[in-house]
Amino acid sequence: MPKIIVLPHEDLCPEGAVLDAETGETVLDVALKNGIGIEHACEKSCACTTCHVIVREGFDSLDESDELEDDMLDKAWGLEPESRLGCQAKVTDEDLVIEIPKYTLNHAAEEH
Ligand code: FES
């Protein structure tokens, strides 16, 4: 059973976490199921950036993002080469290390 290791995030998961995942589940669903409240403003339909996560390890094991996801990610706060939308990134049989960005676009906007 693959695992998702979540790096500490100040609000959502201060201690970090190690989560059991099933192949085919999305990163977002695994996090939500375990009480890590990553935002998902568009209800997982690839139409926002609030579920943005950075895949620090295991990125290459994921299916490639499609064009729609890439377009959305371009608008995400703190975009990195290993950024994915959590609701679109499906776990395979490899472990992942995930970082939740400090801000979502909504939060970043509030700060300015
Ligand atoms: S929840 Fe909106 S794109 Fe993932």
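The dialogue below reads one predicted model feature by feature, from the overall fold down to single residues.

Q: What kind of model is this, and how are the residues numbered?
A: This is a predicted model, in which local features need pLDDT of at least 70 and side-chain atom pairs count only at pLDDT 80 or more, while totals for chains, interfaces and linings use all residues. Residues are numbered from 1 along each chain as its sequence is written.

Q: How many helices and strands does the chain have, and in what pattern do they follow one another?
A: Helices (H or I, at least four residues) and strands (E, at least two) are DSSP runs, numbered from the N terminus. Here the chain has three helices and five strands, and along the sequence they follow the pattern β-β-α-β-α-β-β-α. The radius of gyration (taken over C-alpha atoms) is 13 Å, close to the 13 Å that the globule rule gives for 112 residues, so the chain is as compact as a globular protein of that length. That rule is 2.2 Å times the number of residues to the power 0.38. The C-alpha trace spans about 40 × 35 × 25 Å along its principal axes.

Q: In what order do the strands of the sheet stand, and which of them are at the edges?
A: Two strands pair if DSSP finds at least two bridges between them. In this model five strands form an open sheet in the order β2-β1-β5-β3-β4, with mixed pairing. β2 and β4 (83–85) are at the edges with a single partner strand each, so one side of each is left without a neighbour in the sheet. From one strand to the next the twist averages 35 degrees, where axes are lines fitted to C-alpha atoms, for helices over the stretch in contact, and angles run from 0 to 180 degrees between N-to-C directions.

Q: Which strand pairs are parallel and which antiparallel, and which residues stand opposite each other?
A: β1 and β5 pair in the parallel sense over three bridges, and Val 6 stands opposite Ile 98 in β5. β3 and β5 run antiparallel and are joined by three bridges, with Val 97 in β5 as the bridge partner of Glu 57. β3 also pairs with β4 in the antiparallel sense over three bridges, where Val 53 stands opposite Arg 84.

Q: Which residues have the most contacts inside the largest nonpolar core, and which elements contribute to it?
A: In soluble globular proteins, nonpolar side chains tend to be buried together. A residue is buried if 20 or more other C-beta atoms lie within 10 Å of its own, exposed if 12 or fewer, and partly exposed in between, with C-beta atoms placed from the backbone. A nonpolar core is a set of buried Ala, Val, Leu, Ile, Met, Phe, Trp, Tyr and Cys residues joined through C-beta atoms within 7 Å. The largest one here has 20 residues, and those with the most contacts inside it are Ile 4, Val 6, Val 27, Val 30, Ala 31 and Ile 98. The elements giving it two or more residues are β1 (3–6), α1 (27–33), β3 (52–57) and β5 (96–99), and α1 gives the most, with four residues.

Q: What does Cys 13 touch, and why does it count as buried?
A: Two residues are in contact if their C-beta atoms, placed from the backbone, lie within 7 Å. Cys 13 lies in the loop between β1 and β2 (17–20), and it counts as buried because it has 20 C-beta neighbours inside 10 Å. Leaving aside neighbours within four places in sequence, Cys 13 is in contact with Val 6, Pro 8 and Ile 36.

Q: Where are Glu 43 and Cys 46, and what are their phi values?
A: Most residues other than glycine have a negative phi. Glu 43 has a positive phi near 55 degrees, and Cys 46 a positive phi of about 60 degrees. Glu 43 counts as exposed because it has 8 C-beta neighbours inside 10 Å, whereas Cys 46, with 17 other C-beta atoms within 10 Å, is partly exposed.
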